[in-house]
Amino acid sequence: MRFYMPTDVYEEENCVVNHGADLAKLGNHALIVTGSHSAERNGSLHDVTRALATHGIQWTHFNEVEENPSVETVMRARDLGLSRGCDFVIGVGGGSPMDAAKAIALMMRHGEADESYLFDAHAKTDPLPIVCIPTTCGTGSEVTAVSVLTRPALKKKSAIPHRIFANLALLDGKYLASAPRHVLANTTMDAFAHLAESYINTKATPYSRMCVAAGVREWARSKDVVLGKREATAEACVTMLRAACFGGMSIAQTGTSLPHGLSYAVTVHTRMAHGKACGFFLRNYLAEADPADRDAVLSLAGFADVDDFEAYYRATCGRDAVPDAVLALAVQDLMTNPAKMALAPFAVDETVLRRIAGIGEAG
Ligand code: NAP
Ligand code: FE
C-alpha cells in the first residue's frame with residue numbers, strides 16, 4: 001500500500017504573494033499559462049506577476065488555453081516558452097490551464113519532439129518545474145499527476161500516459177469569489193465525482209479513503225452555496241477549493257473510474273462542461289456499487305439515496321438530454337480502455353456500461 005503526494009501544497013489567504021520566494025527557487029523566467037480572461041479578472045494573474053517581480057523573476061504570458069485544451073495549444077505554448085527562454089511553467093486557472101501547463105513543461109524539455117511524444121507511454125517524463133494555482137474548485141489538477149488533452153483530429157479527449165505532478169501548488173480561495181454559479185456547479189460536481197469514483201474503486205486503500213472522507217465532508221458544507229441558498233463567503237470558497245484538492249489527492253492514488261471514462265466522449269461531441277458530464281453518469285454508477293460503499297459516500301455528502309443525489313445534480317448542473325448515439329460512442333470509447341474499466345469494483349461489460357450511460361432512458 002502506498003500513499004504518494006510529492007506536490008508541496010500551501011493554502012492560505014494571499015498565498016501566491018506570500019510564497020514568491022518559493023516561486024523564485026524554481027527558475028529565472030516563468031511561462032505563465034492561463035485561459036483567455038478569468039485569471040485577469042479574479043486577481044490571480046496580478047498576484048503571480050507581483051510575486052515574480054518582487055523576486056526579480058521574468059515572465060512570459062500565454063493566455064490562449066481553451067477549455068479542454070488541445071495538443072495544438074500545448075505545442076504553440078511550448079514554442080513560445082522556448083523562444084523566450086522560459087525555464088519553468090506556472091499554470092493559473094481551472095483544470096484546463098493547469099493540465100496544459102504540465103504538458104507544456106514536458107514538451108519544453110523536448111524542443112525537437114512532435115506531439116506524439118505526449119502520447120508515448122515509453123518516452124521519458126522529465127518536465128521543467130511546474131507550479132499550479134487553481135481558480136476553480138473541481139479538478140484538483142494541482143495535486144494529481146494527470147494531464148487530459150483533446151486531440152481534435154481524432155475527436156478524442158484522454159489523459160496522456162505521462163505522470164506529472166506539480167512541484168508547488170498555491171491555493172487561495174479568493175480567486176473563486178468572482179466565479180459564476182455555473183462554474184461553481186460544474187466544478188464542484190467534478191470534485192464530488194473524483195471523491196466518489198476514488199472511494200468506489202478497486203485501488204482504494206484506507207489512505208486514499210481518508211482523503212475522500214475528509215474531502216466529502218468539506219464538499220458537503222458548500223452544497224447550499226452551489227444551490228444558491230447561501231452566499232459564497234470567503235470561508236465557503238476555501239471549503240470548496242479544499243474539497244477539490246482532497247479529491248485530487250484521492251484520485252492521485254486510485255485514478256478516476258467509469259463516470260470520468262464515459263464523460264470524455266460526451267464533452268467532445270456535445271461540448272458539455274467536464275464536471276457536468278461526469279455528474280451525468282454518477283447516479284447510475286453509485287446505483288451499481290456495493291451498497292455499503294455507496295451509502296458511505298452518500299451519507300457523508302448528506303444525500304439520503306441516489307435519487308436525492310440526482311435531484312441535487314439536476315438543481316445545480318441541470319440534466320441535458322444527450323443523444324443515445326453519443327452515449328453509445330462513450331461506451332465504445334470506454335470499452336477500448338480496459339485499465340479504466342478495471343477500476344470499478346464490480347463486473348463491468350457492455351451491458352453494464354450501457355446501463356450506467358442510461359442508453360434508452362429518456363432525459
Ligand atoms: P476550465 O476548463 O479550466 O475552465 C472553465 C471556465 O471557467 C473557463 O471559461 C474559465 O475561463 C473559467 N474560470 C476559471 N476560473 C474562474 C474563476 N475563478 N472565475 C470565473 N471563471 C473562471 O474548467 P475546469 O472544470 O476547472 O477544468 C476542466 C478540465 O480539467 C478538463 O479538460 C478536464 O478533463 C480536466 N481535468 C483534469 C483532471 C486532472 O486530474 N488533471 C481532473 C479532472 C478534470 P478562462 O478560460 O477565461 O480562464
Ligand atoms: Fe474530473
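Which residues coordinate the iron ion (ligand 2)? They are Asp-190 (OD), His-194 (NE2), His-260 (NE2) and His-274 (NE2), at 2.1 to 2.2 Å. Donors are N, O and S atoms within 2.8 Å of the metal (3.2 Å for Na, K and Ca); water is not among the atoms, so sites may look incomplete.

This is a predicted model, in which local features need pLDDT of at least 70 and side-chain atom pairs count only at pLDDT 80 or more, while totals for chains, interfaces and linings use all residues. Residues are numbered from 1 along each chain as its sequence is written, chains are lettered from A and ligands numbered from 1 in the order in which they are written, and side-chain values use heavy atoms, with hydrogens and water left out.

**The iron site**

The donors follow the spacing D-x3-H-x65-H-x13-H along the chain. Distant parts of the chain are linked here: Asp-190 sits in helix H7 (residues 181-199) and His-260 in helix H11 (residues 258-270), 70 residues apart. Helices (H or I, at least four residues) are DSSP runs, numbered from the N terminus. The angles among the four donor atoms run from 81 to 169 degrees, and the site is irregular. Four donors count as tetrahedral if all angles lie between 85 and 135 degrees; four count as square planar and six as octahedral if opposite donors are over 155 degrees apart and all others between 65 and 115; anything else is irregular.

**Helix packing**

Axes are lines fitted to C-alpha atoms, for helices over the stretch in contact, and angles run from 0 to 180 degrees between N-to-C directions. A crossing is left-handed if the near helix is turned anticlockwise from the far one by less than a right angle, and right-handed if clockwise.

| Helix pair | Crossing |
|---|---|
| H7 and H14 (residues 291-301) | about 150 degrees, axes 10 Å apart |
| H7 and H15 (residues 306-316) | roughly 150 degrees, axes within 10 Å |
| H16 (residues 324-335) and H18 (residues 350-357) | roughly 135 degrees, axes within 10 Å |

H7 is roughly antiparallel (over 145 degrees) to H14. H7 passes H14 in a right-handed crossing. Phe-192, Ala-196 and Tyr-199 of H7 meet Asp-293, Ala-296, Val-297 and Ala-301 of H14. Contact means heavy atoms within 4.5 Å.

H7 passes H15 in a left-handed crossing. Ala-185, Met-189 and Phe-192 of H7 touch Phe-309, Tyr-312, Tyr-313 and Thr-316 of H15.

H16 passes H18 in a right-handed crossing. On the H16 side, the contact residues include Leu-327, Val-331 and Met-335. On the H18 side, they include Leu-353 and Arg-354.

Terms used
Helix = DSSP H or I, 4+ residues; strand = E, 2+ residues; numbered from the N terminus. Parallel < 35°, antiparallel > 145°, perpendicular 65-115°, else oblique.
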